[in-house]
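I opened the model to look up ring contacts, backbone angles and surface charge. My entries follow in the order in which I checked them.

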Amino acid sequence: MAANRTRVMFIHGLWLHSTSWEGWAETFLEAGYEPLLPEWPGVPDTVAEARRRPEAQAGIGLAEISAHHARRIRALDTPPVLIGHSVGGFIAQHLLGRNLGSAAVAICPGQIKGVKALAPAQARSTSAFLCNPANTGRAVSLGAGQFRRAFANAVPREESDALFERWTIPSPARPLFQLALGNFARRSPAGVDTGNASRGPLLLLSGKLDRTVPDVLTRSTFKRYRGSGASTEYWRYDDRGHSLVVDAGWPTLADTSLTWLRGKGLT
């Protein structure tokens, strides 16, 4: 890679493998960036192996995922741009708040501490896992029907099934509990420094049809940054659900992210 390329670190969320960012990585590479696709701690390098060994990531939480990515960043000469989806969107904000990113795009990001909006659709999507406290130490999987309802409700059923077969893996349930209970713990790992005025710019992207991180939560997250003088922007796609980073419409989000980054001088 050319030494002057801006690095972009892609951070996936629950139930998707890092290789689900491959299309994004190719697009950003062609646009002159250097893509980085680190995996979560304990997750094998392939979808097939991650499905065979779910126990390797059982019990991993937000702090461990954030620290794992922070170590990768500190090994670089300059902080990268961070692009994260779902829990990865939370991690991107958490790292940006610690000045470990030059900028961040948080797509349908997990609910940060302080966001108190109610989202019944989200509760329905996660209740099957949250109802059993023992899941905090386990890796759990979505079924094809759950993926359809929670992730891919805005695309045809055939596409939903294809995405499920190609990208989904078991994931630790602990982050679900930590995000859901963030407002009830004084030192919750779901906390983000939303008041940091020296951080890089942040773009929050949302899908109006998202049932896992409903738009009301992303809008409420945007409001949490009002006390910061740092650049924070929000954009909503009215026809998109939670699968928006992997379904057929992902190039639109990639183009939006590239245009925004170039507007911030990050090329």
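I counted rings of Phe, Tyr and Trp (its six-membered ring) as a pair if their centres lie within 6.5 Å; planes under 30 degrees apart are stacked, over 60 edge-to-face, and the rest tilted. This is a predicted model, in which local features need pLDDT of at least 70 and side-chain atom pairs count only at pLDDT 80 or more, while totals for chains, interfaces and linings use all residues. Residues are numbered from 1 along each chain as its sequence is written, and side-chain values use heavy atoms, with hydrogens and water left out.

Entry: aromatic pairs. I found 12 aromatic pairs in the structure. W24 and W250 make a stacked pair, with 6.2 Å between centres and 25° between planes. W24 belongs to helix α1 (residues 22-30) and W250 to helix α10 (residues 250-263), so this pair ties together parts 226 residues apart in sequence. For helices I took DSSP runs of H or I of at least four residues, and for strands runs of E of at least two, numbered from the N terminus. I also noted that ring pairs join F10, W21, W24, F28, Y33 and W250 into a cluster.

Entry: From I11 to V87 I read 8.4 Å, C-alpha to C-alpha, across 76 residues of sequence.

Entry: Most residues other than glycine have a negative phi. Which way does phi of W15 point, positive or negative? The value for W15 is positive, near 70°. W15 sits in the loop between β1 (7-11) and α1 and is buried at 6%. C108, also not a glycine, has a positive phi of about 45°. The loop between β4 (103-107) and α5 (120-130) holds C108, which is buried at 0%.

Entry: surface charge. I looked for patches, made of residues with over 30% relative accessible area and no salt bridge, with like charges joined within 9 Å and nonpolar side chains (Val, Leu, Ile, Met, Phe, Trp, Tyr) within 5 Å. A salt bridge here is a side-chain nitrogen of Lys or Arg within 4 Å of a carboxyl oxygen of Asp or Glu. K116, K223, R224 and R226 form a positive patch. K223 lies in helix α9 (residues 215-224) and is partly exposed, at 45%.

Key: Areas by Shrake-Rupley, 256 points an atom, 1.4 Å probe, with all protein chains shown as cover. Lys, Arg positive; Asp, Glu negative; His and termini not counted. Charge placed at Lys NZ, Arg CZ, Asp CG, Glu CD. Buried < 20%, exposed > 50% of the residue type's maximum accessible area, 1.4 Å probe, protein only.
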